[in-house]
Amino acid sequence: MDIFIQQIINGLVLGSIYALVALGYTMVYGIMGLINFAHGEVVMIGAMVALTVINLLLGSGLPGVVMALIGLAAAVPVCMATGFAIERIAYRPLRNAPKLAPLITAIGVSIVLQNVAMLVWGRNYHAFPPILPSVDFEVFEATITGVQVAIIAIAALMMIGLTLLVQRTRLGRAMRATAENPSIAQLMGVDTNRIISLTFVIGSSLAAVAGFMVSANYSIAHYYMGFILGLKAFTAAVLGGIGNLAGAMLGGILLGLIESLGAGYIGDLTGGFLGSHYQDVFAFFVLILVLVFRPSGLVGEKVAERA
Amino acid sequence: MQFPRLTSMSLAVAAALALAACGDKKEEPAPPPAAPAAPVAKPEVTVNIGHVAPLTGPQAHLGKDNENAARLAIEELNAKALEIGGAKIKFELLAEDDQADPKQGTIVAQKLVDAKVNGVIGHLNSGTTIPASKLYSDAGIPQISGSATNPKYTQQGFATTFRVMANDVQQGHALGEFAAQAIKAKTVAIIDDRTAYGQGLADEFEKAVLANGGKVVTREFTTDKATDFAAILTKIKSKRPDVVFYGGMDAQGGPMVKQLKSLGLKAKFLTGDGGCTPELIKLAGAAAEGQYCSLPGVPLEQMPGGKEFGDKFSAKYGQIQLYAPYVYDAVYVMVEAMKRANSVEPAKYLPEVGKTDFQGVSSKIAFDANGDLKNGAISLYQVKEGKWEYLQTIGGAAAEPEAAPAPAADAAKPAEAAPAAAPAATPEKK
Amino acid sequence: MMRFEALRHDKRAAIAATVLIGILLAVAPFLIGSAAGSTWLRIVDFALLYIMLALGLNIVVGFAGLLDMGYIAFYAVGAYMYALLASPQFGLHLPMWAILPAGAAVAGIFGVLLGAPTLRLRGDYLAIVTLGFGEIIRIFLNNLNAPVNITNGPQGISGIDPIRIGGVSLSKPIDLFGFTLPSLHAYYYLFLALALAIVFVTIRLENSRIGRAWVAIREDEIAAKACGINTRNIKLLAFAMGASFGGVAGGLFAGFQAFVSPESFSLMESVMVLCMVVLGGMGNIPGVILGGILLTILPELFRHGAGPVQQAVFGKILLDPEALRMLLFGLALIVVMLYRPAGLWPSTRRRREFKGGAA
């Protein structure tokens, strides 16, 4: 039983990480209908910047949590600037272009960011210094660390905060209007360019937080880390229904649980025929199954046949 | 009617070029001197040595490490102002990036063949080394890999393939023996990263554990890009093994050790050369204490010239990542063979590579008939106070693969004869 | 562009152009081989393989408008078909003429397998499912070494038979009427022949009922259905046709390399082929061919140039040439798309659409 609960916790933690990254994808998609393929790379930059600042502060004698927060505080504006620049350079000129054009520039941006990061931070893996107090909690004989609790909490808070932002504020209303129909929104006095830029900036600040939390949890950062993370988060966002904030959270948690339970039990269930190496197959299989029956994701809005 | 002439002309030109490039056995590509007979003014000859490893992509840190080691060896050799075949030799390193992609592996191999390199060090991954080895073999260019551990690499029947590192079979056996006998593990759990390296090593480890009367309670899998291992470790926890073995690299091994501890597993962690790096300790933090790993060869500190190499390398390029000592040795093995043959011609010095008997910084190097390291010793290490401490070396004979006794026995003869012929081969280390 | 349009109408000019291109293609390997070395010839060989892949994907993405991000799976299926049927793995050594059609057929079946459950999906949802499908295939290839060893897992399959034509192996220089035809040249002609065959089939398809049905689905699926097109079968046909081209290219790749392992079929490869199609000009055959050539050759150009050019300009290496190479490649993707959002050489129809405003 403790093993099962531990697997659920593993899945929740992993899922919250996916959700953190997926929220950024979904924000952008919700407004522009564009997969920001470079989002994973922004997450990576967040992790790298936070780590660099923390390493600089190591000798300062500040308490670990303060150092970590300063690192995070440094990462957020850097990521915001990166997100802003990406939108300006690679997406804005293509707003009326054929649909796949921004996908290709996004891939280009992703390659560029990776290699810039490699030039700046080198090819080696970076370790996150053990500055955060290691507190372990016991839940029914299963373990969860303090950082992991923080990850779940932050993911949930962000999801709620963003939902409030989108549903309850003036800015949110402008965002929804832009998502609905940019040209009409513009006619109604919404500065759509500003709104889209802001969306990117907000999405990128989420990426900074995600990058920081990921590297704190796994104590590792590397210039290539964004790719796989971005891919998984994208999958999660689609599973939940891309463009929907609650969907991103749900999709993330679900994907985390599927992977965790898949890796944990698929071997025993199939009598050892399939093992944990089929974890991703299992996840994609569930995704395909969900999309076959709900073609726009779990909680995604029904898209009319004519989009 | 001009067209046929044009074609035939270009045909002829291209054919000649391609022939030259492919290094037809009768024709010597012959960059080196026509001058050995008349050593009046000694000509300087540039000898190109190719090096291939991934320099971009997720394994770039290992690739760059290999390249740095090759560069260091080349610089040292140039400082010695060697003379081979009556000419002053200047070595030049042609470093290429294959991105760990088999297709690019063959493209850069072709580039090196076209550039008429005198020898190739690399590639890093088995997946790029194997398809590239065919090109080098066709061109008659000796190839020494310092890190490709897939046994298939040297079993293709090519005369040009060598490796200065124990293959998966040798290392897996030593690790299995160590787990059963030294750690006294009765039950083990095995994880591998589904790469050619990780899976190969894990399979051999499993065989060795079973042969030593151990029991494998579960086999789990991850990928070489993963960071979260909680699910498989939790499953392993439920099986209560004495030892968790990981076949894979340090970038996964480090976080894995950390998560192993935080999930409360009591099992010891054991891994191969891919995880036997300071990086693993850095990434695992305090959780690394008491864990084990193995490296082919003998610790640098115990080898003549080893410490010196380590110091020089770290002063210049920072910490050794992983395969640097092997690559460094590979360059020396190649150049020593050139010296013995008194030629930098691939065709002339190739037979000498097979007869190598060289005291490298990673181990004593001699090859069997396939070009595999003979009697590869495997050393084991344990983390004590945040550092890998040397434990013991499991020596050659026990680590010989049982699977292929016949060719190994044949191999012994020519190689055994070599030491007498090559006393000059021992490097002049101060 | 106007001159190309003119070719369609002036028959004599068209014949002359065809003959000229034919001669160029025939002597190309010798020109490239003597001017730039066999490295570039090998790169051109790979470019031909990628042209086949890009043309195959173009049917799915360019003609039928279905975003497929797992296309490399079909290449993998073709490659493993060849590897399993002509290597020591199972001790089978079938001839190429048997394997390539079989590979195309099996890849086509896989295409239908992918297409069937995804018929209702569109756009980005289809993209993620096809991406997942590509990964599933790769993961199976990577893991099917136990309990029964089929694919030899991550170790890959080595010792694959070279392609033989009439008993002559292409992996060794061939004696031909007194000339020696080097292996890379022989592969060039084989790949060229198959690429041309695929170009021919694609052109014929484009102008057929099926091709027009694909375009109709791309433009408006509901309207297409209303016009009496069986959208389900036509979509599945697009997946199957596209996949079978990938299967042929895969088989050739396996024979050419003599080694296959799952790492050749990563997600990044799918993305690259998609880039070729979009960057070249979706739906336009010459554009797609251009994209395939460009994206194969560009990184290699940067490889040859990144170090030496820095050396020449600055007198030393300022930036790591390998990082710079990929950096330039990424920048090239961005710049090309910014300046030619419809691709380098878009189809006339697309160009009109784009000029017309709304995409």
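A: In this predicted model, chain C is made of 14 helices and eight strands. Its radius of gyration is 21 Å, in agreement with the value near 21 Å for a compact globule of 359 residues. Along the principal axes, the C-alpha atoms of chain C occupy a box of roughly 55 × 55 × 50 Å. Of the 359 residues in chain C, 56% are buried. Among the contacts of chain C that link residues at least 6 apart in sequence, 72% are between residues at least 24 apart.

Met69(C) counts as buried because it has 24 C-beta neighbours inside 10 Å, and the threshold is 20 or more. Beyond its neighbours within four places in sequence, Met69(C) is in contact with Ala127(C), Thr130(C), Leu131(C), Gly134(C), Ser270(C), Val271(C) and Leu274(C). Phe329(C) lies 260 residues from Met69(C) in sequence, and the two C-alpha atoms are 20 Å apart.

Turning to the interface, 33 residues of chain C are in contact with 35 residues of chain B. On the chain C side, two or more residues each come from helix H2 (11–36), helix H3 (38–63), helix H6 (123–143), strand E7 (179–181) and helix H13 (321–339). H2(C) gives the largest share, six residues. By class, this side of chain C has 13 nonpolar, 16 polar and four charged residues.

Key
Residues are numbered from 1 along each chain as its sequence is written. Chains are lettered from A and ligands numbered from 1 in the order in which they are written. This is a predicted model: local features need pLDDT of at least 70, side-chain atom pairs count only at pLDDT 80 or more; totals for chains, interfaces and linings use all residues. Two residues are in contact if their C-beta atoms, placed from the backbone, lie within 7 Å. Helices (H or I, at least four residues) and strands (E, at least two) are DSSP runs, numbered from the N terminus. Ala, Val, Leu, Ile, Met, Phe, Trp, Tyr, Cys and Pro count as nonpolar, Asp, Glu, Lys and Arg as charged, and the others, Gly among them, as polar. A residue is buried if 20 or more other C-beta atoms lie within 10 Å of its own, exposed if 12 or fewer, and partly exposed in between; C-beta atoms are placed from the backbone. The radius of gyration is taken over C-alpha atoms; the globule rule is 2.2 Å times the number of residues to the power 0.38.
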